[in-house]
Amino acid sequence: MLFRELNRGKCKTYLVACERTHKAVLIDPVREKVERYLAILAYSGCKLDAIIDTHTHADHRTASWELHDLTGAPVIMHRRAPAPHVDLHVEDGQEITVGDVFLRVFHTPGHTPDSISLYTNDRVFTGDTILIHGTGRCDFAGGDAGEQYDAITNKIFSLPEETLLFPAHDYRGHTHSTVGEEKRTNPRIAGRTRQAYIDLMNNLGLPLPQGIQESLQPNQSAIEDESIKFPTLAELNQVRQLSAKELQLQLMTAQHPILLDVREPEEFTGELGHIPGSVLIPLKELPARVSELEADKHKDIIVICRAGVRSTTAAAILTGLGFDHVGNLKGGMLEWTDQQLPVER
Ligand SMILES: [Fe+2]
């Protein structure tokens with residue numbers, strides 16, 4: 001197996017390649033470094049076979065969409081990933097094959113709902129689930145300290161002690177650790193009960209990273225278009241959230257809401273389908289096509305997407321444009337279909 005970390009910074013991108021076939025995978029590529037990755041792949045005689053994001057990143061723009069555009073390599077993320085254009089959704093226990101290299105997927109939510117770790121041979125890539133002598137924060141939307149504790153202690157710590165551990169970030173110049181080392185000395189986890197960990201993580205009081213929404217919302221929506229103005233965190237937090245069950249009840253009433261689906265056309269007719277009666281306007285087209293909704297400005301509108309994330313952005317955009325009864329389907333079509341509610345394709 002060929003292996004390298006490519007960024008030499010706080011944010012880590014790993015190249016893993018099969019020695020026999022020279023098929024390669026990039027884990028967590030960063031947008032500003034696309035040229036560097038392509039140069040290294042060419043220099044090493046490797047062909048990019050897959051691009052994996054361990055989770056939806058909040059601190060940097062992903063290079064996944066651009067690398068996919070340039071090379072055709074599929075983008076792989078967990079099923080809970082909110083963005084469109086993910087070519088392969090994976091779940092816990094699945095294996096990703098890259099030539100003779102097998103990456104086993106562990107669903108390790110907590111930092112984000114879509115966090116995965118990848119295990120192969122002697123090493124595990126943990127994303128921001130567990131860091132070297134630390135853990136990824138759980139205070140962004142969808143974060144959950146309890147889930148993170150379970151993922152670390154039940155999944156990562158079940159691997160052999162000598163397993164090398166490579167996180168997505170390190171702020172202190174470390175390159176790697178081991179499962180055994182973190183089990184014994186990780187200051188956030190070692191000797192802590194689940195409840196003690198939750199209390200610790202919920203009271204860290206960390207400031208939000210600078211420009212978080214400028215990275216997070218493009219990553220969540222795969223929108224590269226710089227002209228789209230994304231809502232602020234405060235505007236997003238004000239969006240009214242409805243559960244799948246609540247929406248289903250509303251749809252049974254005479255004055256049911258207008259359903260606005262903001263996914264891409266291939267998602268609308270794809271695996272998850274759409275709620276019967278939905279109108280489709282993809283998020284990236286919404287600012288230009290908002291006039292189509294002019295007559296509904298004062299009506300009840302519920303916005304829908306895959307995971308409920310892009311639709312929250314769309315709902316905040318509409319509210320900002322003077323629509324006064326906009327809500328969001330929490331958990332999106334993933335939640336709707338998990339509840340086995342009716343869909344059309
Ligand atoms: Fe992260």
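The model is predicted; local features need pLDDT of at least 70, side-chain atom pairs count only at pLDDT 80 or more, and totals for chains, interfaces and linings use all residues. Residues are numbered from 1 along each chain as its sequence is written, and side-chain values use heavy atoms, with hydrogens and water left out.

Start with the open sheet. Six strands build it, in the order E1-E2-E3-E4-E5-E6, and the pairing is mixed. Strands (E, at least two residues) and helices (H or I, at least four) are DSSP runs, numbered from the N terminus. Two strands pair if DSSP finds at least two bridges between them. E1 and strand E6 (88-90) stand at the edges with a single partner strand each, so one side of each has no neighbour in the sheet. Direction ignored, neighbouring strands of this sheet are turned by 20° against each other on average. Axes here are lines fitted to C-alpha atoms, for helices over the stretch in contact, and angles run from 0 to 180 degrees between N-to-C directions.

Now follow the strands across. E1 (residues 2-5) pairs with E2 in the antiparallel sense over four bridges. In this pairing Arg4 stands opposite Leu15 in E2. E2 also joins strand E3 (residues 23-27) through four bridges, and these two run antiparallel. Here Leu15 stands opposite Leu26 in E3. The hairpin of E2 and E3 has five residues between the strands, and His22 takes a positive phi near 60° in it. E3 and strand E4 (residues 47-52) run parallel, joined by five bridges. Val25 stands opposite Ala50 in E4.

Two helices pack on this sheet. Helix H1 (residues 34-43) touches E1, E2, E3 and E4, and its direction makes about 155° with that of E3. Helix H2 (residues 64-71) touches E3, E4 and strand E5 (75-78), with its direction at about 155° to that of E4. Contact means heavy atoms within 4.5 Å.

Which way do the side chains of E2 point? In a regular strand the side chains alternate between the two faces of the sheet. Tyr14 and Val16 point one way from E2 (residues 14-17), Leu15 and Ala17 the other way, and all are buried. Buried means under 20% relative accessible area, exposed over 50%, and partly exposed in between (1.4 Å probe, protein chains only).

Next comes the iron ion. Its protein donors are His55 (NE2), His111 (NE2) and Asp128 (OD), lying 2.1 to 2.4 Å from it. Donors are N, O and S atoms within 2.8 Å of the metal (3.2 Å for Na, K and Ca); water is not among the atoms, so sites may look incomplete. Along the chain the donors follow the spacing H-x55-H-x16-D. His111 sits in the loop between strand E8 (101-107) and strand E9 (116-120), while Asp128 sits in the loop between strand E10 (123-127) and strand E11 (130-131), 17 residues apart. Both His111 and Asp128 are buried.

Ser117 is found in strand E9. At 0% relative accessibility, Ser117 counts as buried. Ser117 and His55 are 62 residues apart in sequence, with 9.2 Å between their C-alpha atoms. The side chains of Ser117 and Thr108 make a polar contact of 3.1 Å. A polar contact is a pair of N or O atoms within 3.5 Å; within protein, one must be able to donate a hydrogen and the other to accept it, and residues adjacent in sequence count only if both atoms are side-chain atoms.

Helix H3 (residues 145-155) has buried residues, including Tyr149 and Ile152. The buried residues of H3 pack against E11, strand E12 (134-135) and helix H5 (194-202). Asp144 caps the N-terminal end of H3, with a side-chain oxygen 3.0 Å from the backbone nitrogen of Gly146.

Finish with the salt bridges. The whole structure holds 19 of them. A salt bridge is a side-chain nitrogen of Lys or Arg within 4 Å of a carboxyl oxygen of Asp or Glu. Arg79 forms one with Asp338, the closest N and O atoms being 3.6 Å apart. Arg79 lies in the loop between E5 and E6 and Asp338 in helix H12 (residues 332-338), so the pair ties together parts that are 259 residues apart in sequence. Arg80 meets Asp338 in a salt bridge too, at 2.8 Å from N to O. Elsewhere, Arg31, Arg61 and Glu224 are linked in a network of salt bridges.
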